[in-house]
Amino acid sequence: MRTLYRHILASTAGLAVTMAAASALMAADRSMQPIMGDPVQTESGRIAGTQLPSGVRAYLGIPYVAAPTGDLRWAPPQPAKWTGIFNADRKGPACIQVLRPHDINHYFGEEATAEDCLTMNIWAPAAASPAQKRPVVVFIYGGGFTIGSSGMANYDGEAMAKAGAVFVNFNYRVGTFGFLAHPELTREQGGASGNYGLMDQTAALKWVRANIAQFGGDPDKVVIMGQSAGAGSVAAQVLSPAARGLFRAAVMSSGCNLRAPKQTLADAEKTGVAMQEKLGAASLAAMRMLPADRILAAQSETQLGLSVSGVRIGGPIVDGRVLPRQAADAVAAGDFAHVPLVAGYNSDDMAFGFEALTSATTMAEYTAAATKLFGADAAAFLKLYPVKSDADVRSTARRAAQDANLAANARGCASDVAGAGVPVFINSYTRRHPYVPGVKLADQDTATVGAYHTADIPYWFGTQDAYNSIRPTRVWTEWDRTLSRQMMNALIALAETGSPSTAAMPWQAWSAKNDSVLLLGDTVTTARFNVAGQQWLATHRPAPSATPPRLSRPRD
């Protein structure tokens with residue numbers, strides 16, 4: 001449809017007719033196609049969706065809780081109720097955040113933003129019915145807890161629904177709107193504040209638990225998955241007592257961080273007071289009266305190529321309510337959801353502290369970078385991570401960077417929970433996207449970029465074509481499609497059985513005897529961890545650089 005629309009606009013003859021036809025096509029693109037059997041009755045009210053050309057049933061923009069506006073700005077989510085029939089035929093606006101440049105990798109078209117943003121999208125197979133009890137995959141987006149949207153095309157669920165699962169994603173509050181703690185809020189809310197974004201996520205999972213059967217899903221076969229800050233969100237749900245029993249398995253892509261320390265409520269409250277001072281507001285009531293754009297402008301942002309000076313509102317908080325204690329203490333006490341976990345990372349993922357090494361292109365630069373990072377211990381490092389030619393430099397440097405960062409985190413997650421009998425499956429996505437030769441993206445060097453942060457997501461969800469929706473950037477091959485199908489089926493198997501292993505992708509849980517990782521790349525194979533290298537790097541790890549991550553490593 002969009003291709004035809006562009007073709008009509010490109011025509012130079014019959015301009016008036018052309019524009020009229022184009023407008024008609026756009027209207028048809030947005031029209032609601034009734035689903036037989038609708039409306040669906042939920043605890044919130046009745047919902048009517050739209051049938052996609054593929055037959056998939058889409059229910060888009062469902063308010064899963066009340067709008068977080070007015071007195072509900074910086075308040076726990078409240079139930080949504082309506083009378084009549086809600087027409088769920090288009091996605092809701094993203095939660096308040098900075099907008100994306102149009103020339104970056106993850107731009108799929110403009111999205112509206114609003115405070116009234118807490119909506120959910122559900123894609124169900126064409127023939128799904130309450131009796132079928134289909135597996136359910138729920139995705140939580142990343143973005144450093146300040147950006148992100150369920151409306152992004154690479155997070156769509158149509159392909160997953162075609163593959164047999166019910167797919168769900170939703171918006172949650174980010175930045176100052178999602179994580180502001182403040183002494184006045186703490187008094188107002190019974191001794192805790194902040195973590196509103198995490199409470200939104202739990203509320204969404206509770207809505208899924210209560211209502212997903214009406215869309216053909218099985219509430220006992222729900223897998224939650226998140227990437228980057230979304231993975232941190234999944235970890236928070238695994239640790240949060242309020243989320244127990246809402247999912248049967250959890251997937252953390254880039255990466256598994258069950259032990260990551262969180263800010264304390266006291267520290268978060270100080271940041272909240274700093275935000276109030278920057279806004280020049282006399283009280284919490286005055287802050288709630290401010291327009292959202294003023295609050296956003298006072299918030300620092302270093303993503304999407306921005307460098308906005310302001311107050312940095314962090315992510316999850318040990319508030320005594322959502323997260324009662326530090327993650328490491330909870331894990332040590334066994335106080336977490338004992339469900340199967342998938343811990344994944346990409347071969348060219350975030351490489352904190354190793355920027356000098358990963359930018360090397362020759363043996364000489366590699367050796368110089370090792371000396372800069374490790375000094376007198378550089379020889380020991382080069383023995384553990386040797387290069388024999390310039391051609392080895394890139395892959396070896398990135399392997400070392402991941403062994404010190406997300407690979408170590410994934411393996412550490414597995415080691416932490418294995419004693420409690422929790423199976424953990426580890427993967428490393430290594431496939432480089434097949435770019436259109438010479439294509440330019442503002443935040444990537446497409447000639448050299450590898451398996452970057454978030455590169456795995458279109459394979460997990462079958463959304464590869466989204467990357468060509470604005471302009472051609474990829475030339476997907478049959479192997480890309482095959483790998484995507486295998487990864488999608490692994491997610492569905494995890495929801496269905498509690499294990500991601502399939503006939504096409506055998507996958508064993510990590511153990512001390514099976515100290516391995518499943519590589520998802522040009523082939524699917526199993527490799528052993530470089531344990532000696534990880535152990536050495538654990539005690540010689542360089543400090544992270546003060547500079548923000550390079551644009552070639554986008555945060556969502």
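Buried, as I use the word today, means under 20% relative accessible area, with exposed being over 50% and partly exposed in between, for a 1.4 Å probe and protein chains only. Aspartate 319, at 4% relative accessibility, therefore counts as buried.

Before going on, the conditions. This is a predicted model, in which local features need pLDDT of at least 70 and side-chain atom pairs count only at pLDDT 80 or more, while totals for chains, interfaces and linings use all residues. Residues are numbered from 1 along each chain as its sequence is written, and side-chain values use heavy atoms, with hydrogens and water left out.

Salt bridges next. The term stands for a side-chain nitrogen of Lys or Arg within 4 Å of a carboxyl oxygen of Asp or Glu. By this rule there are 18 salt bridges. Aspartate 319 takes part in one of them, with arginine 321, at 3.9 Å from N to O. Arginine 321 has 28% relative accessibility and so counts as partly exposed. Salt bridges with shared partners also join Arg244, Arg325 and Asp335 into one network.

Two further pairs. Glutamate 115 bridges to arginine 73, and their closest N and O atoms are 2.6 Å apart. This pair links distant parts of the chain, 42 residues apart: glutamate 115 is in the loop between strand 7 (113–114) and strand 8 (119–124), and arginine 73 is in the loop between strand 4 (57–63) and strand 5 (85–87). Helices and strands here are DSSP runs numbered from the N terminus, helices being H or I with at least four residues and strands being E with at least two. Glutamate 115 is buried, at a relative accessible area of 17%, and arginine 73 is buried at 4%.

The other pair is lysine 91 with aspartate 156, where the closest N and O atoms are 2.4 Å apart. Here the partners are 65 residues apart, with lysine 91 in the loop between strand 5 and strand 6 (94–95) and aspartate 156 in the loop between strand 9 (134–140) and helix 3 (158–162). Lysine 91 is partly exposed at 27%, and aspartate 156 is partly exposed at 21%.

Back to aspartate 319 and arginine 321, from another side. Which residues does alanine 192 contact, leaving aside neighbours within four places in sequence? They are Leu185, Thr186, Leu265, Asp319 and Arg321, where contact means heavy atoms within 4.5 Å. Alanine 192 sits in the loop between helix 5 (183–188) and helix 6 (196–211). With 4% relative accessibility, alanine 192 is buried. Its C-alpha atom is separated by 35 Å from that of isoleucine 426, which is 234 residues away along the chain.

From first C-alpha to last, helix 6 reaches 22 Å, close to the 22 Å expected at 1.5 Å a residue; the expected span is 1.5 Å times one less than the number of residues.

Now helices 15 and 16. The axes of helix 15 (residues 390–404) and helix 16 (residues 406–418) come within 3 Å and cross at roughly 40 degrees. Axes are lines fitted to C-alpha atoms, for helices over the stretch in contact, and angles run from 0 to 180 degrees between N-to-C directions. Helix 15 and helix 16 are therefore oblique to each other, given that angles under 35 degrees count as roughly parallel, over 145 as roughly antiparallel, 65 to 115 as roughly perpendicular and the rest as oblique. Gln402, Asp403 and Ala404 of helix 15 meet Leu406, Ala407 and Ala408 of helix 16.

Threonine 396 is also in helix 15 and is buried, at 3% relative accessibility. Apart from residues up to four places away in sequence, threonine 396 touches Tyr366, Tyr385, Pro386 and Val387.

Last, the backbone. Where are the cis peptide bonds I want to show? One joins aspartate 38 and proline 39, with omega about 10 degrees, and proline 39 is in the loop between helix 2 (15–30) and strand 1 (40–41). Another runs from serine 254 to glycine 255, with omega near 5 degrees. Glycine 255 lies in the loop between strand 12 (249–253) and strand 13 (263–264).

Phenylalanine 145, although not a glycine, has a positive phi of about 65 degrees. This residue is in the loop between strand 9 and helix 3 and is buried at 11%. Threonine 454 has a positive phi too, near 85 degrees. Its place is the loop between strand 16 (424–429) and helix 17 (457–461), and threonine 454 is buried, with a relative accessible area of 1%.
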